[in-house]
Amino acid sequence: MEQMTDNRQPILELRHISKTFRTDDGREVRAVRDANLAVYPGESVALVGESGCGKSTVARMVTRLISPTEGEIILCGRDISKLEGKGLRDLYRDIQMVFQDPYSVFSPRMSVGTFLGEGLVHHGIMNRAQATEEAKTLLALVELPTELMDRMPHQLSGGQLQRVVVARAVSIRPKVLLLDEATSALDVSVQKQVLALLMRLRKELELTFVFIGHDLAVVRAIADRIAVMYAGMIVEELGSEDLTKARHPYTQRLLESVFSVHDRTNQKVIRVEDMSMAVNANALPGCPFRPRCPRAMDECGTACPALRELEPGHRAACPAV
Ligand SMILES: Nc1ncnc2c1ncn2[C@@H]1O[C@H](COP(=O)(O)OP(=O)(O)OP(=O)(O)O)[C@@H](O)[C@H]1O
Ligand SMILES: [Mg+2]
């Protein structure tokens, strides 16, 4: 698998991207630090890590809702990190996103049918009448009945609404679909159905996924590879089947800290423990995990470790492993 990917060009590549926010009181928040990641065509890559580690900031940079402070983002062979105006608009033919809250993208006064056809009209792919016809096909694609065409968003369930958002995201046949906690707000049974739908669409439409999530069981099911973030940095990258081979002390800690809870339907959910200490860790020089690391060495306090290949498809940013 890895040898195969070695010969191909990544469809999406983050090259040393960083994002520093300045808060109202003048503080700097280094939300993402020197992140590097390559995603190959057809792959599903997940970003995991505790709350506040920078996952959504990466997502917002990749979809250019915000600009990186430093670094390049290469999508389909071109640097999109500085795009503006029409260039930005064209970007959304290649990449689409689905966020946690479908209401954030849905206009409350727009019917499902109009919403579904909007992207096609906006990008000049179809006229309004053609887009309305296509909307029916899109509903079927996400396993919803045609009757929903004239409904308004508040007349749909959360699961139905998220399916509609997914349908619109894929309507213009993007190459990459970025999903930021796209199923996290759904009931577990609904979540399972939407995940199954996503996996089917990925195959049928030959999509590449960047999937962000908290639930390691979900992430493992949907991703081929997992990139673990800590305090703004990608600290380990490995195959989703190989989680037990994790070598970075933070990933190991993360895996130890997952705990099981039982929801209403009595199904097992595995969540990433929220360790809020990380929030300030990115202000430190050297490795941000150092204060909590059982294997910290002197050198960890000075230089930020870079990702290093341990074996094909497995990289970690730690001098101790
Ligand atoms: N616009 C902003 N201004 C200042 N700080 C910000 C801004 N956006 C994000 N941050 C900070 O950047 C860090 C990373 O936030 P981000 O939303 O990327 O985390 P996340 O990994 O997506 O967390 P969650 O799992 O809770 O969604 C956090 O410390 C957050 O408070
Ligand atoms: Mg987030």
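Q: Which residues of H5 are called buried, and what makes a residue count as that?
A: In this predicted model, the buried ones in H5 are Ala131, Ala135, Leu138, Leu139 and Leu141. The label applies because 20 or more other C-beta atoms lie within 10 Å of the residue's own.

Q: What covers the buried residues of H5?
A: The cover includes helix H4 (112-122) and helix H6 (158-171).

Q: How do you know that the span of H5 is close to the expected one?
A: Helix H5 covers residues 128-141, so 14 residues in all. At 1.5 Å a residue you'd expect 20 Å, and the helix reaches 19 Å from its first C-alpha to its last.

Q: What follows H5, and what is its phi?
A: That's Glu143, with a positive phi near 60°.

Q: Why are S4 and S5 called a pair?
A: Pairing takes at least two bridges between the strands. Strand S4 (residues 70-75) and S5 have two bridges, so they qualify, in the antiparallel sense. As for who meets whom, Leu75 has Arg78 in S5 as its bridge partner.

Q: What makes S2 and S5 edge strands?
A: Four strands form an open sheet, ordered S2-S1-S4-S5, with antiparallel pairing. Strand S2 (28-39) and strand S5 (78-79) each pair on one side only, which is what puts them at the edges.

Q: Where does pLDDT stay under 50?
A: Over residues 259-279, a stretch for which the model has 42 contacts beyond four places in sequence. For the chain, the mean pLDDT is 89, and 89% of the residues reach 70 or more.

How values were computed
Residues are numbered from 1 along each chain as its sequence is written. Chains are lettered from A and ligands numbered from 1 in the order in which they are written. This is a predicted model: local features need pLDDT of at least 70, side-chain atom pairs count only at pLDDT 80 or more; totals for chains, interfaces and linings use all residues. A residue is buried if 20 or more other C-beta atoms lie within 10 Å of its own, exposed if 12 or fewer, and partly exposed in between; C-beta atoms are placed from the backbone. Two residues are in contact if their C-beta atoms, placed from the backbone, lie within 7 Å. pLDDT is the predictor's confidence in each residue, from 0 to 100.
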